[in-house]
Amino acid sequence: MSFSADVKDELISVEIEKNCCLHAFCYGLLLCSRSFSYREISILTEHRQIAEKYADTINKVCSVSPCIVKSDAGKYRVEIENAEDRAKIMAKFGYDTKLRTMRINYANIADDCCKSAFLRGVFLSCGTVNDPNKRYHLEFVLPYKNLIKDLAYFISGFEEFEKELEPKIIQRNSNYVMYFKGSEVIEDILTAMGAVTSSLNVMGVKMYKDMRNNVNRKLNFESANLDKTVSAASKQIEAIRKIKNTVGLSFLPEELREIAILRYDNPDMSLRELSENLKVSLSRSGVNHRLKKICDIADSIK
């Protein structure tokens with residue numbers, strides 16, 4: 001099962017206690033479903049629980065029993081077949097036969113407590129969210145330009161959101177898509193709809209990704225430093241070998257000869273470890289300075 005389906009399962013399970021909120025929830029389901037007009041009221045979904053919730057909610061709010069049909073492809077179509085029933089539902093939510101463009105009728109979202117229920121219904125009808133392990137992306141898809149703009153304005157007005165939302169709207173084929181990116185924004189929207197567990201799951205994935213990225217950065221940094229250390233040590237040992245095979249290590253001053261022998265015998269030692277094994281310890285920069293001198297001497301030998 002997809003993450004989006006898990007979110008919808010959680011939203012379906014949210015209990016609605018107030019009649020005003022149930023009305024707003026039903027309105028969200030209807031307004032953003034496949035069709036909401038005097039000619040047709042229907043929804044098409046692969047999610048059986050959504051189909052049942054859609055039918056049950058309409059029955060509770062409007063006292064109309066929709067017809068549920070499952071296709072051979074496994075999709076559920078829920079439809080109001082009777083014209084009188086459709087007219088009853090449209091009138092219930094304040095739409096008359098002169099309707100020319102679909103917009104949000106805010107009279108159906110009576111109080112602040114109803115906003116979450118309405119958005120929950122909208123998401124169940126036309127929303128999806130990607131698995132946060134893959135990418136952070138939540139979207140609503142509607143066939144009406146004015147309605148998608150209304151929805152963007154409605155969502156942006158939530159005072160509960162910690163971050164200001166910046167919904168993007170694009171046209172995809174014959175539909176309009178409003179989408180959000182970023183884990184924090186998606187967490188806020190899921191929480192506002194009532195999908196708290198799903199929101200926490202997104203948060204958990206983000207924390208895991210951040211931790212994994214930090215570990216990878218540290219490993220890459222340490223690996224780069226190790227490569228640099230190995231490269232420098234190899235160059236130093238070659239220089240010491242050249243001096244040893246030509247003029248001999250006795251050619252070096254005593255302070256350079258001691259560190260040359262120590263480096264030659266211990267190619268894996270770090271600068272700090274070399275310093276700690278000298279008769280008189282030096283700073284790391286002091287050890288590095290003497291090794292550079294040895295390399296310069298080797299370069300000067302023809």
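Where is the place of Asn 173, in terms of strands and a loop? Asn 173 sits in the loop that links strand S7 (168-172) to strand S8 (175-181). This report describes the predicted model that contains this residue, from the whole chain down to single positions.

**Basis of the description**

The model is predicted, so local features need pLDDT of at least 70, side-chain atom pairs count only at pLDDT 80 or more, and totals for chains, interfaces and linings use all residues. Residues are numbered from 1 along each chain as its sequence is written, and side-chain values use heavy atoms, with hydrogens and water left out.

**Overall form**

The protein contains eleven helices and eight strands; these are DSSP runs numbered from the N terminus, with helices (H or I) of at least four residues and strands (E) of at least two. Its C-alpha trace extends over about 110 × 40 × 30 Å along the principal axes. The radius of gyration of the protein is 35 Å, whereas a compact globule of 302 residues would have a value near 19 Å. That radius is taken over C-alpha atoms, and the globule rule is 2.2 Å times the number of residues to the power 0.38.

Of the 302 residues, 43% are buried. Buried means under 20% relative accessible area, exposed means over 50%, and partly exposed lies in between (1.4 Å probe, protein chains only). The accessible surface amounts to about 17,200 Å², and carbon and sulfur atoms account for 48% of that surface. These areas come from the Shrake-Rupley method with a 1.4 Å probe; for residues, only the protein chains shown count as cover.

Contact means heavy atoms within 4.5 Å. Among contacts between residues at least 6 apart in sequence, 66% join residues at least 24 apart.

**Nonpolar cores**

A nonpolar core is a set of buried Ala, Val, Leu, Ile, Met, Phe, Trp, Tyr and Cys residues joined through side-chain atoms within 4.5 Å. The largest such core holds 68 residues, of which Leu 31, Phe 36, Ile 89, Phe 93 and Phe 140 touch the most other members. Helix H2 (residues 19-31) gives the most to this core, contributing nine residues. Apart from residues up to four places away in sequence, Leu 31 touches Phe 36, Tyr 95, Met 102, Arg 103, Ile 104, Phe 118 and Leu 147. A second, separate core of 20 residues includes Leu 256, Leu 262, Met 269 and Leu 271.

His 23 belongs to helix H2 and counts as buried because its relative accessibility is 17%. Beyond its neighbours within four places in sequence, His 23 is in contact with Val 61, Lys 92, Phe 93 and Asn 108.

Ser 4 lies in helix H1 (residues 3-12) and is buried, with a relative accessible area of 9%. With neighbours within four places in sequence set aside, the contacts of Ser 4 are Phe 123, Gly 127, Thr 128 and Val 129. The C-alpha atom of Ser 4 is separated by 7.1 Å from that of Asp 131, although the two residues are 127 residues apart along the chain.

**Two loop positions with positive phi**

Most residues other than glycine have a negative phi. Ser 63, in the loop between helix H3 (48-62) and strand S3 (67-70), has a positive phi, and so does Asn 173.

| Residue | Phi | Relative accessibility |
|---|---|---|
| Ser 63 | near 55 degrees | 54%, exposed |
| Asn 173 | about 55 degrees | 72%, exposed |
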